[in-house]
Amino acid sequence: MSWDAYCNLPSAAAGLIAGTDGTQWGKKADWKSSKEENAKICKASIGSMISVGGVKYMIVNQSGPVFFGVKGDKALVSYPLKKCFLAAIGHGPKGNLGALIDEIGKFADSLKKGGY
């Protein structure tokens, strides 16, 4: 099975699954970030600045384990796990934030069951 399947959130324009060190395991669409940028996403906290594909997002809030930031009509969500993390970018009104948070949680649940 490809790791890309864990990035295929229906509401996401792009997605990523990576190890906690930032090494990319899989992606959806045109996700562009370096290993260093990915490592920062994994360690996101409220108030941190995260850059993905040249766009800077300020992490403004947290819903359970999911961190999120908004930049115009784009939203970045990140869900850290023990061995990896999931991240996604949504477009549209507030980046479809509610749907992204729900979807990333469902994908993360299956990873947690597998010990990730």
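Q: Where in the chain is Ala29 found?
A: In this predicted model, local features need pLDDT of at least 70 and side-chain atom pairs count only at pLDDT 80 or more, whereas totals for chains, interfaces and linings use all residues. Residues are numbered from 1 along each chain as its sequence is written, and side-chain values use heavy atoms, with hydrogens and water left out. The phi of Ala29 is near 60 degrees, a positive value in a residue other than glycine. With helices (H or I, at least four residues) and strands (E, at least two) taken as DSSP runs numbered from the N terminus, Ala29 belongs to the loop between S2 and H1.

Q: Which residue forms a salt bridge with Lys35?
A: The structure holds 3 salt bridges, each being a side-chain nitrogen of Lys or Arg within 4 Å of a carboxyl oxygen of Asp or Glu. For Lys35 the closest N and O atoms of the pair are 3.9 Å apart, and the link joins distant parts of the chain, since Lys35 lies in helix H1 (residues 35-42) while its partner, 14 residues away, lies in the loop between strand S1 (14-19) and strand S2 (24-28). Lys35 counts as partly exposed at 43% relative accessibility, where buried means under 20% relative accessible area, exposed over 50% and partly exposed in between (1.4 Å probe, protein chains only). The partner of Lys35 is Asp21.

Q: What is the N to O distance in the salt bridge of Lys32 and Asp30?
A: Lys32 is exposed, as is Asp30. Their side chains meet in a salt bridge with an N to O distance of 3.6 Å.

Q: By about how much of helix H2 are Lys112 and Asp109 separated?
A: Lys112 and Asp109 form a salt bridge, with their closest N and O atoms 3.5 Å apart. Lys112 is partly exposed at 42% relative accessibility, and Asp109 is likewise partly exposed, with a relative accessible area of 36%. Because they stand 3 residues apart in helix H2, the separation is about one helical turn.

Q: Which residue of S6 stands opposite Phe68?
A: S5 and S6 pair in the antiparallel sense over 5 bridges, two strands being paired if DSSP finds at least two bridges between them. Because 5 of the 7 residues of S6 are buried, this strand is largely enclosed by the rest of the structure. The residue opposite Phe68 is Val77.

Q: Which residue of S7 is the bridge partner of Ala75?
A: S6 and S7 pair in the antiparallel sense over 7 bridges, and a hairpin joins them through 3 residues. In S7, the bridge partner of Ala75 is Gly90.

Q: Which residue takes a positive phi in the hairpin of S4 and S5?
A: S4 and S5 run antiparallel and are joined by 5 bridges, among them one in which Asn61 has Phe68 as its partner in S5. The hairpin has 2 residues between the strands, and the positive phi, near 65 degrees, is that of Gly64.

Q: What accessible area do Met49, Met58 and Val60 have together?
A: Val60 is placed in strand S4 (residues 55-63) and is partly exposed, with a relative accessible area of 44%. Patches are made of residues with over 30% relative accessible area and no salt bridge, with like charges joined within 9 Å and nonpolar side chains (Val, Leu, Ile, Met, Phe, Trp, Tyr) within 5 Å. Areas come from the Shrake-Rupley method with a 1.4 Å probe, and for residues only the protein chains shown count as cover. Met49, Met58 and Val60 form a nonpolar patch on the surface, and their accessible area together is about 270 Å².
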